[in-house]
Amino acid sequence: HKSLGREWGFSYICWNMDGSNPFFTDKRVRYAMTHALNLPLIREKILYNLPTICLGEYHPDSWMFNPDVQPLGYDLERSKALLDEAGWVVDPQDGWRYKTIDGEKVKFTFTLTYSQGSASTPKIAAVFQEDLKKIGVEMQTHIFEWATFVQKIRKHEFQAEMAAWGTGTDPDTSWNLWRTEEYITGRNYGGYSNPIVDELFVQGRKEFDFEKRKKIYQEIHKILYEDQPYTWMFNAASLSAINNRIRGVQFSPRGIFNFDPSFYGWWVLKGQAKHAAVMP
């Protein structure tokens, strides 16, 4: 039989906001990028409707998810308006967007970096590239093998990068993604910095009352989505084909393998074959 579970991991595009490029320090531009990504189309045509559209850092099944968060949604007209507001204006001669920065006319052209190994990632990038072209933004792509990709993003040597995170079951595991100090020591690759979020993570570590702690992380979720340091894309789907003789299979926020007891808790009826095939 086949089983489909909802994992708490997610795919994303990270925008480098550390000042090394002229685009993504502006929240209006990050919002414009999110509005330009056609997630419903990608989910249907590329991902077989398996994952769910991601609504931010924490999964809708989790206790720390903030139900007040609403998706920004695919909207090219809104994206255009935001880019106009941010000063990136279409040049009627060539159709691309430009902005004058320190007396120099700068074209809105950036590179999306991602790693080899995924059949869907280049297709997603191609859909995004075409929609951005419609609104006057040029996106190029650069593909690295995994080790080089990781080295590049750890050194913040990118403008935008597409990847995915797995997750723990406690929201404190995202401490090193979002706190300002983790730009140097952790995995805050895009240089996100919000002192309110920094303090809320500290409060979350000190608070033992569950309801109070829940409100802390729900507020973190809300602020992160409002800041859009990532364009959150999809929550992972865990699709497995399992021999129907096997019993006790359970899904977790980390899929069917990355938790305890996982396969140690599986069993078959006495008298059946000792070995049964599993195809994750």
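A cavity, as the word is used here, is a set of grid points inside the protein where a 1.4 Å probe fits but cannot get out. In this predicted model, the count comes to 1 cavity of 30 Å³ or more, and the largest cavity has a volume of about 30 Å³. Its lining is made up of C14, W15, M17, L177, W178, N188, Y189, G190, G191, Y192, P229 and Y230, and the elements that give two or more residues to this lining are β1 (2–15) and α6 (175–178). Sorted by class, the lining of the largest cavity holds 9 nonpolar and 3 polar residues, with no charged residues.

Leaving aside residues up to four places away in sequence, P229 touches I13, C14, W15, M17, R30, W178, Y192 and L224. As for W178, 51 residues separate it from P229 along the chain, while the C-alpha atoms of the two are separated by 9.2 Å.

Helix α9 itself, which spans residues 210–227, contains H221. H221 is buried, with a relative accessible area of 0%, and a polar atom of its side chain lies 2.9 Å from the backbone oxygen of L55. L55 is also among the residues that H221 touches, together with G56, E57, Y58, M64, F65, N66 and V69, when residues up to four places away in sequence are not counted.

By class, the lining of the second largest pocket has 7 nonpolar, 7 polar and 3 charged residues.

These places can now be set within the whole chain. The secondary structure of the protein chain comes to 9 helices and 10 strands, and 47% of its 280 residues count as buried. Among contacts between residues at least 6 apart in sequence, 72% join residues at least 24 apart. The accessible surface of the protein chain comes to about 14,400 Å², and carbon and sulfur atoms account for 51% of that surface.

Methods
Residues numbered from 1 in each chain as written. Predicted model: local features only at pLDDT ≥ 70, side-chain atom pairs only at ≥ 80, totals over all residues. Heavy atoms only, no water. Helix = DSSP H or I, 4+ residues; strand = E, 2+ residues; numbered from the N terminus. Buried < 20%, exposed > 50% of the residue type's maximum accessible area, 1.4 Å probe, protein only. Polar contact = N/O pair within 3.5 Å; in protein donor to acceptor, adjacent residues only side chain to side chain. Contact = heavy atoms within 4.5 Å. Areas by Shrake-Rupley, 256 points an atom, 1.4 Å probe, with all protein chains shown as cover. Nonpolar A, V, L, I, M, F, W, Y, C, P; charged D, E, K, R; others polar. 1 Å grid on protein atoms, 1.4 Å probe; cavity = no way out; pocket = protein on both sides within 12 Å on 5 of 7 lines; lining within 4 Å. Points joined across faces, edges and corners; volume = space filled by probe spheres on them.
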